[in-house]
Structure formats: structure tokens, C-alpha cells
Amino acid sequence: MSISPVTIVCYLLGISAVVGLNAVILVWLERKVAGHMHFRYGPMEVGPHGLLQTLADGIKLLGKQFLVPDAADRPLFLLAPVVSLVPIFVAMVPLPLGETLQAWELNIGLLLVVALGLLNTLGILLAGWGSNNKYALLGGSRAVAQILAYKIPLLLCILTIIMMAGSYSLRQIALAQKDGWYILYQPLLFIIYIVTITLETNRSPFDFSEAESELVAGFHIEYSAMGFSLFFLAEYSYMFIAAALASILFLGGWQGPFLPGPVWSLLKLYGIIFLLMWFRWTFPRLRIDQMLHLGWKILLPLALVNFLVTAGVLAL
Amino acid sequence: MFASFVHTVYTLAFATILLLVVGGALLAVTARNLIHCFFGLVGALLGVAGLYYNLGSPLLAVMQVMIYIGAVCVAIAFGLTLTRKQGEEGMRPLDIKAAIPVVLVVAMLSATLKSLAGREIVASARKIDESRIGWMLLGDYLLPFELISILLTVAVIGAVTIALINRRI
């Protein structure tokens with residue numbers, strides 16, 4: 001309660017800058033990665049190697065008209081992009097990206113980030129239902145089925161890490177890995193975690209709620225202009241948060257030799273994001289029943305066994 | 001100057017939380033459309049999380065978001081998406097019987113407020129260490145804690161049984 005309003009405003013500005021810049025860079029990176037994986041160049045026209053392409057697209061989207069379909073449920077339709085985006089500003093607060101680069105050290109930081117990450121699905125459901133479109137509704141209901149399948153393995157992963165570090169604080173968890181990153185002790189858990197964050201961020205091979213080739217664009221089919229771009233801001237920010245969590249939980253956060261902390265943080269973070277992009281452009285989409293099978297019958301027992309074994313080893 | 005500004009911001013934040021709780025709850029019981037009811041419920045639960053934070057327990061607030069919104073509401077939403085799109089025709093209008101709980105709630109609230117009138121309410125600034133909650137749940141209160149988990153197990157087994165009965169194999 002003693003933080004001065006000026007500091008709060010500075011933090012908000014900083015977080016907004018991260019959200020915006022991250023989306024601009026990631027959209028460009030996604031198109032570049034996709035291009036190079038298809039043996040083509042991706043965007044090349046605007047700026048060197050197409051670096052300013054996203055900026056140009058952003059300005060174009062700002063200038064477009066935002067349409068609300070006649071049959072849509074107007075309040076829900078307008079609320080949906082906001083519900084998707086707002087939790088991000090809070091979820092970024094406890095993320096430590098460096099020794100001192102953290103908005104607020106919170107002793108339950110990890111729980112806060114995970115709890116707010118779950119709100120994304122509500123935004124998708126709102127959009128799906130509010131659009132009054134059969135593709136959108138299917139996308140929304142798939143998102144809900146999906147969250148039920150990945151949430152429990154995700155929470156078990158996080159519980160295991162909490163148990164090993166003995167703290168909910170993201171900073172303490174990173175500091176606990178000074179002598180050895182958790183990925184060395186828990187390689188299986190890292191794989192489970194990466195699969196669950198691919199599910200959490202709705203990315204291919206698990207992009208069921210969007211699924212261009214079956215649902216056209218799924219939940220955001222009716223959104224134009226800024227409504228559409230807010231969903232994309234949210235999607236890329238959730239990727240940033242999920243990758244930041246992965247780097248803190250398994251790769252020791254900002255710690256590393258020679259380079260300063262924030263550089264290590266960003267290297268690890270964008271390395272994991274690159275991994276997610278690599279998945280997207282190499283794996284075909286699963287069927288929804290295969291995803292449910294994966295979530296409930298493979299990830300959940302694996303995460304549970306891993307949790308129990310870790311508890312046993314720690315108790316000895 | 002800053003102090004009064006901060007005070008205004010906190011008052012506004014508290015008003016927003018109250019609006020979320022009361023408005024959300026009202027929407028949840030009065031809306032004709034099921035999905036509007038659902039999001040009213042989400043708003044009310046989010047507001048309750050805000051109240052917990054205001055009362056000095058961020059852990060409880062985060063747990064409220066994680067369990068009630070992340071789990072309970074998502075489960076309700078899952079049920080909603082599997083039912084037919086009902087609402088306008090599927091629900092009966094409010095009748096006179098709905099007045100009974102309203103009267104009861106108003107009576108209880110006014111009695112509570114009357115008993116509090118004239119007393120000074122002091123907010124306890126004491127910070128509760130979150131790890132103590134864990135020690136107490138797995139120490140002194142282990143038996144009730146385990147009983148609750150048995151209750152949950154029974155509920156899960158019951159749900160699976162009901163699902164299996166109606167299943168044609």
C-alpha cells in the first residue's frame with residue numbers, strides 16, 4: 001500500500017510497452033519462422049528483412065472499421081477482447097526478468113500468474129458465444145473442453161516445482177536453481193510443461209478453438225479491426241508469459257554466466273517461444289478427441305506419477 | 001496531495017469491487033439469457049476475490065480466482081456449451097415466491113448492520129503468514145481436511161457412476 005502512484009503509473013507504462021513490443025516482434029518472428037520453414041523468406045518489403053511489416057499492419061488495422069454483427073450479443077461481443085487482454089497486465093506484475101527487473105515481488109507470484117492465465121478461456125468463450133456464429137460457438141466450446149484437459153497436468157507440474165523450491169515466489173524459485181536448473185532434475189516434467197503451455201496458448205498442434213481449416217477462424221471469426229488485433233495482442237502476450245514462466249521454473253530465470261540478467265531472461269524466453277513456433281509449423285493439428293486423450297490419459301497420469309516420485313525423493 | 005489522490009483511487013477501486021459483486025449477483029439471478037447469468041456469476045466471484053484482497057489475504061484472493069473462476073465456472077461453462085441454447089423460452093419468469101428470499105436477505109442484512117451501528121470497525125493490519133495456513137491444515141486440522149477430500153472423492157465416484165449408468169456399451 002506504500003507504493004507511490006508515480007511508480008504504479010511507470011510500471012503500467014512499462015508493462016504496456018512490453019505487451020505491445022512483444023506482439024510486434026512475435027508476429028514478425030512468426031511469419032519469418034514460418035517462411036524459413038517453408039523454404040521462402042517471409043515478409044521482406046517493409047523495412048530491413050520486413051522488420052516494420054507488423055507496424056504497417058498495425059496502422060492498417062487501426063484505420064479499419066470495427067463491425068458488430070446484427071445478430072451478435074452486443075455487450076458480450078464488445079467485452080470479449082477486453083476480458084482476454086486485461087488479466088495480462090496483472091499477470092506480468094510478478095514476473096522477474098532480471099535480478100532487479102521485477103514490478104512487484106509477491107510471495108504468491110506464481111499462483112497469481114497461473115490463476116490469471118486461466119482467464120483467457122473466458123474471453124474465448126465470451127467471443128464464441130457473443131458472436132452468434134456456429135463456427136465461433138464451436139471454437140468457444142472447444143476452448144472450454146481444452147482447458148479442462150490441460151489444467152490439472154499444468155497445476156501438477158507447478159506443484160512439483162513449488163515442492164522442490166519450497167516457495168510460491170517466482171524470484172525464490174529462480175534463486176533456488178543457482179546450482180542446477182530444474183530441467184536437469186525434471187526433464188520429463190519440462191516436456192509435460194511445454195505440451196501444456198502449447199495447449200494453454202491455443203497453438204498448433206492444439207489450436208482447436210481457432211482451427212483455420214475446419215472452423216475458418218473459430219472464436220474470432222466475426223471480429224474485425226482492433227477487436228481482432230486485441231485478441232492477437234492477448235495471444236502473443238500469453239505466449240510471453242507462459243515462456244517466461246517456463247524459463248523461470250525450469251531454466252533458472254535470469255541466471256547465467258557472462259551476460260547480464262535481463263539478456264539471459266530474454267534469450268531463454270524467446271528460445272522457448274521459438275520452440276512453440278517450431279511446433280506450429282511442423283506438426284499437423286490433432287483431432288479434438290486425440291487432444292482429450294492426450295490430456296486426460298497421458299499427461300495427467302505422467303504428471304501425477306512424477307509428482308509422487310518427486311515427493312518421495314524429497315522426503316528421503 | 002498524493003495521499004488524498006491515493007485515497008480516492010482506493011475508494012474508487014473498492015466501489016468497483018462492490019459494483020462487481022452486487023451487479024454480478026443481480027445479473028446472475030435476473031438475466032433471461034443463461035450465458036448472461038453465467039458471466040454475472042463470474043463477475044460476482046471476481047469481486048469476492050477483490051474483497052478478500054482488500055481484507056488483507058492475497059492468497060485467498062488468488063485461490064478464489066483459480067478455484068471458483070478457473071475451475072468451477074469453467075466446469076459450468078462446459079455444461080452450458082453442451083446444452084441446447086436455451087434461455088429466452090426455457091426459463092420461467094420470476095414469480096411471487098422469489099420475494100421470500102429477498103425479504104429474508106434484507107432482514108438479515110439490516111439486522112447485521114443495526115448490530116454494527118455505532119461501533120468502530122478496526123481493520124486488523126496483522127499480516128498472516130501463508131505458510132502457517134499450510135501447517136495448520138496439515139497439522140491441527142488434518143482430520144477435517146482429509147474428511148473434505150473424502151467428500152470430494154465420493155462426489156467424483158458418484159459422477160462417474162451416474163455417467164456409466166446411462167451409457168450404452
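A residue counts as buried if 20 or more other C-beta atoms lie within 10 Å of its own, as exposed if 12 or fewer do, and as partly exposed in between, with the C-beta atoms placed from the backbone. By that rule A:Asn132 is partly exposed, because 17 other C-beta atoms lie within 10 Å. This is a predicted model, in which local features need pLDDT of at least 70 and side-chain atom pairs count only at pLDDT 80 or more, while totals for chains, interfaces and linings use all residues. Residues are numbered from 1 along each chain as its sequence is written, and chains are lettered from A and ligands numbered from 1 in the order in which they are written.

**Chain A as a whole**

- The secondary structure of chain A comes to 13 helices and zero strands, where helices (H or I, at least four residues) and strands (E, at least two) are DSSP runs numbered from the N terminus.
- Chain A has a radius of gyration of 20 Å, which agrees with the value near 20 Å that a compact globule of 316 residues would have; the radius is taken over C-alpha atoms, and the globule rule is 2.2 Å times the number of residues to the power 0.38.
- Taken along the principal axes, the box filled by the C-alpha atoms of chain A is roughly 65 × 50 × 45 Å.
- Of the 316 residues of chain A, 46% count as buried.
- Among the contacts in chain A with a separation of 6 or more, 77% are between residues 24 or more positions apart; two residues are in contact if their C-beta atoms, placed from the backbone, lie within 7 Å.

**Helix packing in chain A**

- Two packed helices are described by the angle between their axes and the distance between the axes.
- Helix H1 (residues 5-37) of chain A and helix H11 (residues 225-250) of chain A have axes that come within 9 Å and cross at roughly 90°; axes are lines fitted to C-alpha atoms, for helices over the stretch in contact, and angles run from 0 to 180 degrees between N-to-C directions.
- That angle makes H1(A) roughly perpendicular to H11(A), on a scale where angles under 35 degrees count as roughly parallel, over 145 as roughly antiparallel, 65 to 115 as roughly perpendicular and the rest as oblique.
- On the H1(A) side the contact is formed by A:Val19, A:Asn22, A:Ala23, A:Leu26 and A:Val27, which meet A:Phe232, A:Leu233, A:Tyr236, A:Ser237, A:Met239 and A:Phe240 in H11(A).
- The residues of the contact of H1(A) with H11(A) comprise nine nonpolar, two polar and no charged; Ala, Val, Leu, Ile, Met, Phe, Trp, Tyr, Cys and Pro count as nonpolar, Asp, Glu, Lys and Arg as charged, and the others, Gly among them, as polar.
- Helix H3 (residues 74-91) of chain A and helix H4 (residues 109-117) of chain A also have axes that come within 9 Å, and these cross at roughly 175°, which makes H3(A) roughly antiparallel to H4(A).
- In this second pair, A:Pro87, A:Val90 and A:Ala91 of H3(A) make the contact with A:Leu112, A:Val113, A:Leu116 and A:Gly117 of H4(A), and by class the contact has six nonpolar, one polar and no charged residues.

**Two asparagines with positive phi**

- Most residues other than glycine have a negative phi.
- A:Asn132, in the loop between H5 and H6 of chain A, has a positive phi of about 55° although it is not a glycine.
- A:Asn202 has a positive phi near 55° and lies in the loop between helix H9 (187-200) and helix H10 (212-215) of chain A; A:Asn202 is buried, because 25 other C-beta atoms lie within 10 Å.

**Where the chains meet**

- In the contact between the chains, 24 residues of chain A touch 18 residues of chain B.
- The elements giving two or more residues to the chain A side are H4, helix H5 (120-130) and helix H6 (134-165) of chain A, and H6(A) provides the largest share, seven residues.
- By class, that side of chain A has 18 nonpolar, five polar and one charged residues.

**Chain B**

- Chain B has six helices and zero strands, and 17% of its 169 residues are buried.
- An automatic or database domain assignment divides chain B into domain 1 (1-86) and domain 2 (128-169), whose C-alpha centres lie 25 Å apart.
- B:Ile17 is in helix H1 (residues 2-30) of chain B and is partly exposed, with 19 other C-beta atoms within 10 Å.
- Leaving aside neighbours within four places in sequence, B:Ile17 is in contact with B:Gly47, B:Gly50, B:Leu51 and B:Asn54; the C-alpha atoms of B:Ile17 and B:Gly50, 33 residues apart along the chain, are separated by 6.1 Å.
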